[in-house]
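Subject: Structure for you to look at

Hello,

Here is the structure I promised to pass on. Please open it first, then read my notes below.

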Amino acid sequence: MQIIRLVVAMALVALVAACAGGSKFKTYNGPEVTQVVVNKGARKMYLLHNGQVLKDYKIALGWMPKGGKRFQGDGKTPEGMYFIDRRNPNSKFHLSIGISYPNANDVAFAKASGLSPGGDIFIHGNSRGWRRKDWTWGCIAVTDSEIEDIYAMVKDGTPIMINP
């Protein structure tokens, strides 16, 4: 009988520990995020509800942050109006939400130069622990804890304005 109690107690402890560890998938019940604004020069990202800031974050950008993204591999983060268009729960960078780069203008500019505009631009976590200020290939990086909040708060279709 004591062995059964011990096994049940251990199972309960394991269950409580698993629940306490938390999930990377959070819920959010606050005001709708109606726009995301990124100010690259200030290395800041804002989640807005009808023009009012709900949350702000320090960010890291592409390793060549000045100017908008033009070509695949240029290390730049895009500039302009885009939309959140997808999410990746299995990202190499904890969680990520996709930005609709390239748009028609980005494709046309790159094609005119005979190059690819690239793609796969995301807001993502920093699971790899890189500490450099700007280190991505053109994405916007925040901490893993912050991307958990952003992933819950920002829905697909939300406009994102990326300013110089």
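Of the 164 residues in the protein, 38% are buried. Buried means under 20% relative accessible area, exposed means over 50%, and partly exposed is in between, with a 1.4 Å probe and protein chains only. Please note that this is a predicted model: local features need pLDDT of at least 70, side-chain atom pairs count only at pLDDT 80 or more, and totals for chains, interfaces and linings use all residues. Residues are numbered from 1 along each chain as its sequence is written, and side-chain values use heavy atoms, with hydrogens and water left out.

Overall layout

The protein has three helices and eight strands. Their order from the N terminus is α-β-β-β-β-β-α-β-β-α-β. These elements are DSSP runs, numbered from the N terminus: helices are H or I with at least four residues, strands are E with at least two. Take the contacts between residues at least 6 apart in sequence: 59% of them join residues at least 24 apart. A contact means heavy atoms within 4.5 Å. The accessible surface is about 9,300 Å², and carbon and sulfur atoms hold 59% of it. That area comes from the Shrake-Rupley method with a 1.4 Å probe; for residues, only the protein chains shown count as cover.

Strand β1

Start with β1, residues 35-39. Strands pair if DSSP finds at least two bridges between them. β1 runs antiparallel to β2, with five bridges. Glutamine 35 faces leucine 48 of β2 in this pairing. β1 also pairs with β8 (residues 159-163), this time in the parallel sense, over four bridges. There, asparagine 39 is opposite asparagine 163.

Most residues other than glycine have a negative phi, and most peptide bonds are trans.

- Arginine 43 is not a glycine, yet its phi is positive, about 55 degrees. It sits in the loop between β1 and β2, a hairpin with four residues between the strands. Arginine 43 is buried, at 17% relative accessible area.
- Aspartate 120 also has a positive phi of about 55 degrees without being a glycine. Its loop runs between α2 and β6. Aspartate 120 is exposed, at 56% relative accessible area.
- Tyrosine 101 and proline 102 are joined by a cis peptide bond, with omega about 5 degrees. Proline 102 lies in the loop between β5 and α2 (104-112).

Helix α3

Helix α3 covers residues 144-153. Its buried residues are Ile147, Glu148, Ile150, Tyr151, Ala152 and Met153. Their cover includes β2 (44-49), β3 (52-58), β4 (80-88), β5 (96-99) and β6.

The largest pocket

The largest pocket holds about 380 Å³ of space. A pocket is found on a 1 Å grid over the protein atoms alone: it is an open set of points where a 1.4 Å probe fits, with protein on both sides within 12 Å along at least five of seven lines, and lining residues have an atom within 4 Å of a point. Points are joined across faces, edges and corners, and the volume is the space filled by probe spheres set on them.

The lining has 20 residues. Phe93, Asp120, His124, Trp137 and Cys139 lie nearest the centre. Strand β6 (residues 121-124) gives the most, with three residues. By class, the lining has seven nonpolar, ten polar and three charged residues. Nonpolar here means Ala, Val, Leu, Ile, Met, Phe, Trp, Tyr, Cys and Pro; charged means Asp, Glu, Lys and Arg; the others, Gly among them, are polar.

Best wishes
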